[in-house]
Amino acid sequence: MGEAKRRKETGAPPPPKAKSNKPLYAGIGLLVLAAVLFGVFFLTAAPEPTSDELPVAAPNAEEFPAQLDQYGVSVGPEDAPVVVREFADYQCPACGSFSSASKQLKEEYVDAGKVRFVYFDLPLQQHQNAMPAAQAARCAGDQDAYWEMHDRLYGFQTEWSASNDPVATFTRYAGDLGLDERRFRRCMTTELHREAVEQSRQVAMQLRVTSTPTVLVDNIRLTRPGWGQLSAVVERELADEAD
């Protein structure tokens, strides 16, 4: 006898419906989302420039040897009161995340003449396309588009990281930027700037920089590279310079 027919004949009430867990799951989901948002805010929020939690120069730390800046690519006035230096790998995901902070730095501090920014290439051995990417930026620099290619490489990092023909991809980027593609491709295929990239990597080795991104504000190494800590330390150093 079917369950419905049995209930009809015996007058037995229908079994109680199982309570839905949807409200519980929804509540848990909201709590998890709130925790994630709080974590993101904590990691990215800018601390006060006077905060004791900000990194400081190591005891007896020497000034950064400014003569080594020639091996990086710099933007901003030579006499800027603060210098920010980044050692990075174009294929490094963490460097890709930091690229928005360095772009904001250029817009808010470098363009205002307060900061000079120096980018050092540190292509890591485990990243097969990091070396060609570093050369691509410098080849674009030959046509006055270094920073445009720099931003394009980080912005489309996931597109070219696993490419078997990065030169073709980078040449397409050059065309998108309005550059002479034949000149750019020739620069890439002849590895015109490989030696310059290698020299930049040697600077990192000389300074015992092994991880990317490594970011220095003057001679202070950031412990949590990102806009929050970067802007706070820059503001503190600018205030110290003004005193």
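How many of the 12 residues of helix H4 are buried? In H4, 11 of the 12 residues are buried (under 20% relative accessible area, with exposed meaning over 50% and partly exposed in between, for a 1.4 Å probe and protein chains only), so the helix is largely enclosed by the rest of the structure. Among these buried residues are Met-131, Gln-135, Arg-138 and Cys-139.

The structure is a predicted model, in which local features need pLDDT of at least 70 and side-chain atom pairs count only at pLDDT 80 or more, while totals for chains, interfaces and linings use all residues. Residues are numbered from 1 along each chain as its sequence is written, and side-chain values use heavy atoms, with hydrogens and water left out.

Helices (H or I, at least four residues) and strands (E, at least two) are DSSP runs, numbered from the N terminus. From its first C-alpha to its last, H4 reaches 17 Å. This is close to the 16 Å expected at 1.5 Å a residue, where the expected span is 1.5 Å times one less than the number of residues in the helix.

Cys-139 lies in helix H4 (residues 130-141) and Cys-187 in helix H8 (residues 181-189), so the bond ties together parts that are 48 residues apart in sequence. The torsion about the S-S bond is about -80°, and the disulfide is therefore left-handed. Cys-139 is buried, at 2% relative accessible area, and Cys-187 is buried at 6%. Two further cysteines are Cys-92, buried at 5% relative accessibility, and Cys-95, buried at 0%.

Attention may now turn to charged side chains. A salt bridge is a side-chain nitrogen of Lys or Arg within 4 Å of a carboxyl oxygen of Asp or Glu, and a search of the whole structure finds nine. Arg-138 is buried at 11% relative accessibility, and Asp-121 is buried at 1%.

Another salt bridge brings together Asp-69 and Arg-85, at 2.8 Å, N to O. Asp-69 is in the loop between helix H2 (22-44) and strand E1 (73-75), while Arg-85 is in strand E2 (residues 82-88), 16 residues apart. Both Asp-69 and Arg-85 are buried. Elsewhere, Glu-191, Arg-194, Glu-198 and Arg-201 are linked in a network of salt bridges.

Which residues are joined by a cis peptide bond? They are Thr-212 and Pro-213, with omega about -5°. Pro-213 lies in the loop between helix H9 (194-206) and strand E4 (214-217). Arg-208 lies in the loop between H9 and E4 as well, and its phi is near 60°, a positive value in a residue other than glycine. Arg-208 is exposed, with a relative accessible area of 74%. Asp-218, in the loop between E4 and strand E5 (220-221), has a positive phi near 55°. Asp-218 is buried, at 15% relative accessibility.

Note on methods. A disulfide is a pair of cysteine sulfur atoms within 2.5 Å.
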